[in-house]
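Reader: I am new to reading protein models. Could we go through one by question and answer?

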Amino acid sequence: MAENENFQKIKHLYNRAGFGLHYSELQKLSHTKLNKLVADMIEKAKSDVPITTIAPDHVKSVMLKNKGLTKKEGLSPEQLKERQKLLVSLNKQLKNLNAEWVFRMMNTDSPLREKMTLFWNNHFACREEGNPYFAQVLNNIQRKLALGDFRMLLIEVSKSASMLNFLNNQQNKKGKPNENFARELMELFTLGRGNYSETDIKESARAFTGWAHDAAGNFEFNPKNHDNGIKTFFGKEGNFNGEDIIDMILQKPEAAVFIARKAYRFFVNDVPDENHVQELGNHFYKSKYDIAAMMNKMFTSDWFYAPENMGNKIKSPVEFIVSLSRQFNVTYKRQEIILQLQRGLGQTLFYPPNVAGWAGGRNWIDSSSLMLRLTIPSQILNDSSLNFSAKTDPDDENIVAMKHQDDVVVEAKKKASGIEINWDNFWSDFPKDYSVQQIAAFVLQCKPSTQLNQIINSSVDKKNAIIKTVSSPEYQLC
């Protein structure tokens, strides 16, 4: 196989299954067969290293204090001040979790695990409204089972405190069923519209009654709140419980195809080829929902490396930040910079817009976000500073309204210091005889336009040429 063809395929694999790779890494891998490379990548990604940024005891203590204050009427000024401190503490913990995950994506030696976690994080979109520890637990579930058994992943996510709270299953009780979780379970997590009825939603909601969690976030089944009556689901009758419903859903091949389509859009192309989706879904179903088997099938299929599937996807804001940082070995001394970048670009982890998650694709780009994407690389790589308006999350606005402190206020414009770039390491990664045009071509996943080529060729030095390259529309694609 020609070197250029092999290089491009491996580059493509690592951009989609991870966040890119260095030229020196590509050189080492260039003689490895793709099938072995994929198998090794998947095997390495199965090793689970949970995030432990947030200590459960600390957050539990804060939550109990907060719960006590919310119960009181007519809080005194001192109590209001204490409540504000608690809200600030919880908000800070969630920011710490956010930054820790981004830093992990930037530094991991197993990018597929984090990329899969990012995929499942959006598939099971969940916004934790009050307990960052619960968000950490859910994130670790998605990481632990990212390439495991989808049934187990689905059950553990469904039983997590974050999901039980977000979709109101804590309020799902016998005689007063709450249908939110049952509806989204089928519409967004497993089947998609058209593969279930309103009756199926109502009946399955009864099966999930009694699913709840305790104060520590551990799943608990409350038999007093569970409906033990006969339910009719998918035309079958029985005293079904929640896991029965999940099993019956997964018996339908449509569920495997639905997941395969979501994975195809995330890793391959925003516009699915339904023949490839059906092929992938059938393989997933026959493997009994083995996620690793589905991903191996995807990454070893000829169509994954077809020209129409290479250099055609718009990077999500997180992918954009992480890939840029990994490529140039960027070090961020302050986590606020990471949060500012996410807000500015429109994707703050753990704050999805709704239960459907981020739409992705062309939705990542509008006139303002594109201009910001084109200026951020220059700001980071040129003078190691940032200066732009970042969107403030509503939760932050509430806290700011209650308490104006330096560690809480999200400034409209904030000079971000504490960014380090090691240009010497970047240049030394390439062969000494490599031209700036060759380096620019490696950094990009699609061919540079005539205009960009002219900019590169007319740049006064190599550094300026590369900064112009990553500040181009072409760099938005992977």
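Reader: Is Asp109 buried, exposed or partly exposed?

Author: This is a predicted model, in which local features need pLDDT of at least 70 and side-chain atom pairs count only at pLDDT 80 or more, while totals for chains, interfaces and linings use all residues. Residues are numbered from 1 along each chain as its sequence is written, and side-chain values use heavy atoms, with hydrogens and water left out. Buried means under 20% relative accessible area, exposed over 50%, and partly exposed in between (1.4 Å probe, protein chains only). Asp109 has a relative accessible area of 56%, so Asp109 is exposed.

Reader: Which residue does Asp109 meet in a salt bridge?

Author: A salt bridge is a side-chain nitrogen of Lys or Arg within 4 Å of a carboxyl oxygen of Asp or Glu. For Asp109 the N to O distance is 3.7 Å, and the partner is Lys44.

Reader: How many residues apart are Asp109 and Lys44?

Author: Helices are DSSP runs of H or I with at least four residues, strands are runs of E with at least two, and both are numbered from the N terminus. Asp109 is in the loop between helix H5 (77-107) and H6, and Lys44 is in helix H3 (residues 34-45). The pair links distant parts of the chain, and the separation is 65 residues.

Reader: Is Glu114, which forms a salt bridge with Arg113, buried or exposed?

Author: The closest N and O atoms of Glu114 and Arg113 are 3.8 Å apart. Arg113 has 7% relative accessibility and therefore counts as buried. Glu114 has 0% relative accessibility, so Glu114 also counts as buried.

Reader: Which helix holds the salt-bridge partner of Arg261?

Author: Arg261 forms a salt bridge with Glu274, with the closest N and O atoms 2.9 Å apart. Arg261 is in helix H13, while Glu274, 13 residues apart from it, is in helix H14 (residues 274-286).

Reader: What is the volume of the largest pocket?

Author: On a 1 Å grid over the protein atoms alone, a pocket is an open set of points with protein on both sides within 12 Å along at least five of seven lines, and lining residues have an atom within 4 Å of a point. Grid points are joined across faces, edges and corners, and a volume is the space filled by probe spheres set on the points. For the largest pocket this gives about 890 Å³.

Reader: Which residues lie nearest the centre of the largest pocket?

Author: Helix H6 (111-123) and helix H13 (253-267) each supply at least two residues of the lining. Of the 36 lining residues, those nearest the centre are Arg265, Asp270, Ala359, Gly360 and Gly361.

Methods: 1 Å grid on protein atoms, 1.4 Å probe; cavity = no way out; pocket = protein on both sides within 12 Å on 5 of 7 lines; lining within 4 Å.
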